[in-house]
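Trainee: I would like to go through the labels on this model one by one. Please set each value against its cut-off.

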Amino acid sequence: MRIVELAIEKHGAPVYVRHEIVHNKYVVDSLKAKGAVFVEELDEVPDDAHVVFSAHGVPKSVPATAEARGLDYLDATCPLVSKVHRQAERLVEQGRHILFVGHKGHPEVIGTFGQVPDGQMTLIESVADAEAISIADPANLAYLTQTTLSVDDTAEIVATLERRFPAIQGPRGEDICYATSNRQAAVKAIAAACDFMLVIGAPNSSNSLRLVEVAEREGISARMIQRAAEIDFGWLEGVRTLGITAGASAPEILVREVVARLAERFDITEEEVTTTTERMVFKLPRGLEAA
């Protein structure tokens, strides 16, 4: 988000963004108002324009096409996604076939598959996939995962792969991003005390969808909303303790908006539960440090 804002400040509007920079309508609309133009493919970007690649990452063919056209581009791929990209490259260089745990069609999955030659990676979406997959050379096998998955689902799939293929090589560290795993842990921490949970996020946000699933697995009903106006107060009949969580791309202003709307209808006591403190800071890409 900050990369897009700084690009607009430096170059002026419009700045084109390939795919939603993050999956959050409020963020996307805010950036549109400042001069960002969101497109799905580079052929929608005029010659000599400035373009930013989304946080989900892109196949190698995308920057190659941008360079061939002489486009000035900034890569806003999340560093945690870039780490998975580099791991995929190294594993293929070692002669390993990669089983990639993720969701078909998600931009991050498309971007990661685009880092290696066709046929070097196979998508695994479920335990059933992990049980059914047939591997010609199990001695040279590895797995990686999408960064926004359910921690519990992924652990079950990985356990299945490790049982079936004892020689399979996993990543050096956890692929699921800290913002995703921390929010799932927070939902688990408060679920037992809640009668219902609201998840502030977007329907195309993988990590937000996972929060709804985690809450329901913990035994409470949950609904996803993008903004406070979407709250159906019928959901809250008989609810005395309400849990509120938000996807990794949802800014704090949306949480405050939801609390304010609830306060219009109910006498509320607000309690914030802290399970961890996030201190991760990422560097800006070259060309924006002095913007």
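Trainee: Why is Tyr 73 called partly exposed?

Mentor: Keep in mind that this is a predicted model. Tyr 73 has a relative accessible area of 25%. Buried means under 20%, and exposed means over 50%. The value for Tyr 73 lies in between, so the label is partly exposed.

Trainee: What makes Phe 53 count as buried?

Mentor: Its relative accessibility is 0%. The cut-off is under 20%, so Phe 53 counts as buried.

Trainee: How do you know that Phe 53 and Tyr 73 form an aromatic pair, and what makes it stacked?

Mentor: Take the distance and then the angle. The ring centres of Phe 53 and Tyr 73 are 5.0 Å apart, and the limit for a pair is within 6.5 Å. The planes are at 25°, and stacked means under 30 degrees. Both conditions hold, so the pair of Phe 53 and Tyr 73 is stacked. The structure holds four aromatic pairs, this one among them.

Trainee: Why does the pair of Phe 53 and Tyr 73 tie together parts that are apart in sequence?

Mentor: Phe 53 lies in strand S3, residues 50-53, and Tyr 73 in strand S4, so the parts tied together are 20 residues apart in sequence.

Trainee: Which elements each supply at least two residues of the lining of the second largest pocket?

Mentor: Strand S4 (72-75) and helix H4 (79-93) do. The largest share, three residues, comes from H4.

Trainee: How much space lies in that pocket, and which residues are closest to its centre?

Mentor: The second largest pocket holds about 180 Å³. Its lining has 13 residues, and the closest to the centre are Val 58, Pro 63, Asp 75, Arg 86 and Gln 115. By class, the lining divides into five nonpolar, five polar and three charged residues.

Trainee: How do you know that the charged end of Arg 265 sits over the ring of Phe 233?

Mentor: The charged end of Arg 265 is 4.0 Å from the ring centre.

Trainee: What makes strand S8 mostly covered?

Mentor: Five of the five residues in S8 (196-200) are buried. Phe 196, Leu 198 and Ile 200 cover one side, and Met 197 and Val 199 are on the other.

Trainee: How do you know that S8 pairs with strand S9?

Mentor: Five bridges join S8 to S9, residues 221-225. A pair needs at least two, so S8 and S9 count as paired. The two strands run parallel. Leu 198 has Arg 223 as its bridge partner in S9.

Trainee: Is His 19 buried or exposed?

Mentor: His 19 has a relative accessible area of 16%. That is under 20%, so His 19 is buried. The residue lies in the loop between S1 and helix H2 (25-34).

Trainee: Why is Asp 48 called exposed?

Mentor: The relative accessible area of Asp 48 is 68%. The cut-off is over 50%, so Asp 48 is exposed. Phi of Asp 48 is also near 70°, and its loop lies between strand S2 (36-39) and S3.

Trainee: What makes the peptide bond from Ala 13 to Pro 14 cis?

Mentor: Its omega is near 0°. Pro 14 is in the loop between helix H1 (2-11) and strand S1 (15-18).

Technical notes: Residues numbered from 1 in each chain as written. Predicted model: local features only at pLDDT ≥ 70, side-chain atom pairs only at ≥ 80, totals over all residues. Heavy atoms only, no water. 1 Å grid on protein atoms, 1.4 Å probe; cavity = no way out; pocket = protein on both sides within 12 Å on 5 of 7 lines; lining within 4 Å. Points joined across faces, edges and corners; volume = space filled by probe spheres on them. Helix = DSSP H or I, 4+ residues; strand = E, 2+ residues; numbered from the N terminus. Nonpolar A, V, L, I, M, F, W, Y, C, P; charged D, E, K, R; others polar. Phe/Tyr/Trp six-rings, centres within 6.5 Å; stacked < 30°, edge-to-face > 60°. Buried < 20%, exposed > 50% of the residue type's maximum accessible area, 1.4 Å probe, protein only. Lys NZ or Arg CZ within 6 Å of the ring centre and 35° of its normal.
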